Each structure stands twice: as structure tokens, then as C-alpha cells.
Amino acid sequence: MYYPVTLVTLRPFALSDVSTVEPWLCAPGLSLPAGRASREWPQRLLADRRIIAEIAEAAGQRIGFVRLDCGPDLVAELTLVVAPEHRRRGLGSRMFEAALRLARQRRLRRLVALVDPTNDPALAFFAEVGFEPDGLVGDRVRLARMVHAGDHQQPLDVEV
């Protein structure tokens, strides 16, 4: 099914979304916590005030998941997952634009993403939306980009 990209919206993640989102988070390069925490991840996600978790919807269907894990340094780790059956249609870019708006609202300075080095589609996607390599974290490539106040404006980052 084709979805006009202008119709992608985000809404807060809810417990009723777990059965849809959980399989997306078990894909290669993604993971859920191990052990007991794997059963409690949704409650922990909702209870942590530093985490913004959103469901992307288009045409009344859940098409993706966006998570910003915001640190006190105004840097947030971004997780962006498009449902497998909805990939390669430009929806990830629209989801990223919405995540960037959330980052601006929170006055975040930078976004980082940790990507499996063999995940060529994810590496290409993040490069397309302005992320650059920023080292390694364990076995993942760390990608980072500045959050800007808006189009053609200076970054919110201030070097000290």
C-alpha cells in the first residue's frame, strides 16, 4: 500500500502498541533487554521521563516507532524503526523529520544513532538525513548530527 508521505503522524507510545512494536525491535541490529527486563520494557519505557517514545501512523496503521533517549547533556540517542512491510517508501524520512521536531521542542543539541556496521540500509538512511560517523560504541557505529533550530538557522550547540 502507498502512503502519501505528508500523512505520517506521531503519537505517544502506549501499552496497547507492545504486540505490534515488539517484533520490530527483535530485528537484526535491534534488541530488547535480556531476562526479566525483557518482559517489563514497555512499562520501563513509559516510566522514564527522559525517554520520548512515539508511534508513527499513516492511513490509520502503525508504521513505525521512534524513541529519543534524552541525556542531561542535551544529546539524545535516536531509535527509528519502520515496520518491515512499510520500508523503502520514504516513511522513515518523514518519521525522522517528526523526531527532529521533537528534538527541537526539547532544545536538544545533538542526536546520535548506534547502527550495526553491516546494516547498509540504516547507514545510508542516516547519512541521507545528515548524520556523520562519530566512532564506535562496542560493535556499533556511532553516527551523530546537530539539531538545528530550523531551516537555515544556526545549530543549538554551543562549544565551551
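Biologist: How many helices and strands does the protein chain have?

Modeller: This is a predicted model, where local features need pLDDT of at least 70, side-chain atom pairs count only at pLDDT 80 or more, and totals for chains, interfaces and linings use all residues. Residues are numbered from 1 along each chain as its sequence is written, and side-chain values use heavy atoms, with hydrogens and water left out. Helices (H or I, at least four residues) and strands (E, at least two) are DSSP runs, numbered from the N terminus. From that end the elements go β-α-α-β-β-β-α-β-α-β-β, which gives four helices and seven strands.

Biologist: In what order do the seven strands of the open sheet sit?

Modeller: Pairing here takes at least two DSSP bridges between two strands. The edge strands, each pairing on one side only, are S1 (9-12) and S6 (132-137). Neighbouring strands are turned by 30° against each other on average, direction ignored. The pairing is mixed, and the order is S1-S2-S3-S4-S5-S7-S6.

Biologist: Which residue in S4 stands opposite Arg67?

Modeller: S3 covers residues 61-70 and S4 covers residues 75-82. The two pair in the antiparallel sense over seven bridges. Opposite Arg67 you'll find Thr79.

Biologist: At about what angle to S3 does helix H3 run?

Modeller: Axes are lines fitted to C-alpha atoms, for helices over the stretch in contact (heavy atoms within 4.5 Å). Angles run from 0 to 180 degrees between N-to-C directions. H3, residues 91-105, lies across S1, S2, S3, S4, S5 and S7, and its angle to S3 is about 35°.

Biologist: Is Ile63 buried or exposed?

Modeller: Ile63 is found in strand S3. It touches, among others, Trp24, Val81, His86, Leu91 and Met95, leaving aside residues up to four places away in sequence. Buried means under 20% relative accessible area, exposed over 50%, partly exposed in between (1.4 Å probe, protein chains only). The relative accessible area of Ile63 is 0%, so this residue is buried.

Biologist: Why do the buried residues of H4 line one face of the helix?

Modeller: H4 (residues 120-128) packs on the sheet, touching S4, S5 and S7. Its buried residues are Ala122, Phe125 and Phe126, and on the other side Asp120 and Glu128 are exposed. The arc uses directions from the helix axis to the C-beta atoms. Seen down the axis of H4, the buried residues line one face because they fall within an arc of 95°.

Biologist: Which residue has a side-chain oxygen that reaches the backbone nitrogen of Ala122 at the start of H4?

Modeller: At the other end, H4 is followed by Gly130, with a positive phi near 100°. At the start, the oxygen comes to within 3.1 Å of that nitrogen, and it belongs to Asn119.

Biologist: What is the phi of Leu74?

Modeller: Most residues other than glycine have a negative phi. Leu74 lies in the loop between S3 and S4 and is partly exposed, with a relative accessible area of 34%. Its phi is positive, near 65°.

Notes. Polar contact = N/O pair within 3.5 Å; in protein donor to acceptor, adjacent residues only side chain to side chain.
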